[in-house]
Amino acid sequence: MKRKILTITSTLMIFIPWTILPLRTFDWALKSPAAEIIITSYAVFMIFSGLFTFFSYVSSHVTHKWMQVCLVINSIYAVGGIAALLMMIPNALTI
């Protein structure tokens, strides 16, 4: 049961970052400070989902094929989230 819950959670974490696309169609989501808050929130979530899937894979021994797919995708998301946060640092320092 624990393996199924971890797998379902990791699978759902794959699709949540894509919800930023319809959210960014609103005018208020493109203006500062809402844009920075939204991007930061999604980046932190993507990093968390990558770490969650990694620790589920390694320490809980959920190592079937679908979890390997989730691990790869969420790891790519985590790297993208770290890159997004790193690109926001110079802008945060000038304020």
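Where is the place of P33? P33 sits in the loop between α2 and α3, and the peptide bond that leads from S32 to P33 is cis, with omega near 5°. Helices here are DSSP runs of H or I with at least four residues, strands are runs of E with at least two, and both are numbered from the N terminus.

The model is a predicted one, in which local features need pLDDT of at least 70 and side-chain atom pairs count only at pLDDT 80 or more, while totals for chains, interfaces and linings use all residues. Residues are numbered from 1 along each chain as its sequence is written, and side-chain values use heavy atoms, with hydrogens and water left out.

**Overall architecture**

The protein has 4 helices and 0 strands, and its elements run α-α-α-α from the N terminus on. The C-alpha trace spans about 45 × 25 × 15 Å along its principal axes. Among contacts (heavy atoms within 4.5 Å) with a separation of 6 or more, 71% join residues 24 or more positions apart.

Two packed helices are described by the angle between their axes and the distance between the axes. The axes are lines fitted to C-alpha atoms, for helices over the stretch in contact, and the angles run from 0 to 180 degrees between N-to-C directions.

| Pair | Angle | Axis distance |
|---|---|---|
| α1 and α4 | about 40° | 9 Å |
| α1 and α3 | roughly 150° | within 10 Å |

With its angle of roughly 150°, α1 is roughly antiparallel to α3, where angles over 145 degrees count as roughly antiparallel, under 35 as roughly parallel, 65 to 115 as roughly perpendicular and the rest as oblique. By class, the contact of α1 with α3 has 5 nonpolar, 5 polar and no charged residues; Ala, Val, Leu, Ile, Met, Phe, Trp, Tyr, Cys and Pro count as nonpolar, Asp, Glu, Lys and Arg as charged, and the others, Gly among them, as polar.

Helix α1 (residues 2-15) packs against helix α4 (residues 65-94) at an angle of about 40°, and α1 is therefore oblique to α4. The crossing of α1 and α4 is left-handed. On the α1 side, L6, T7, S10, T11, M13 and I14 meet W66, M67, C70, I73, N74 and Y77 of α4, and by class this contact has 8 nonpolar, 4 polar and no charged residues.

**Individual residues**

T53, found in helix α3, is buried, with a relative accessible area of 0%. Leaving aside residues up to four places away in sequence, T53 touches S10, M67, C70, L71 and N74. The side chains of T53 and S10 are joined by a polar contact of 3.3 Å, a polar contact being a pair of N or O atoms within 3.5 Å, of which, within protein, one must be able to donate a hydrogen and the other to accept it, with residues adjacent in sequence counting only if both atoms are side-chain atoms.

T25 lies in the loop between α2 (20-23) and α3 (34-59) and counts as exposed at 59% relative accessibility. A polar atom of the T25 side chain lies 2.5 Å from the backbone oxygen of P22.

H61, in the loop between α3 and α4, is exposed, with a relative accessible area of 59%. Although H61 is not a glycine, its phi is positive, at about 60°.

Note on methods
A crossing is left-handed if the near helix is turned anticlockwise from the far one by less than a right angle, and right-handed if clockwise. Buried means under 20% relative accessible area, exposed over 50%, partly exposed in between (1.4 Å probe, protein chains only).
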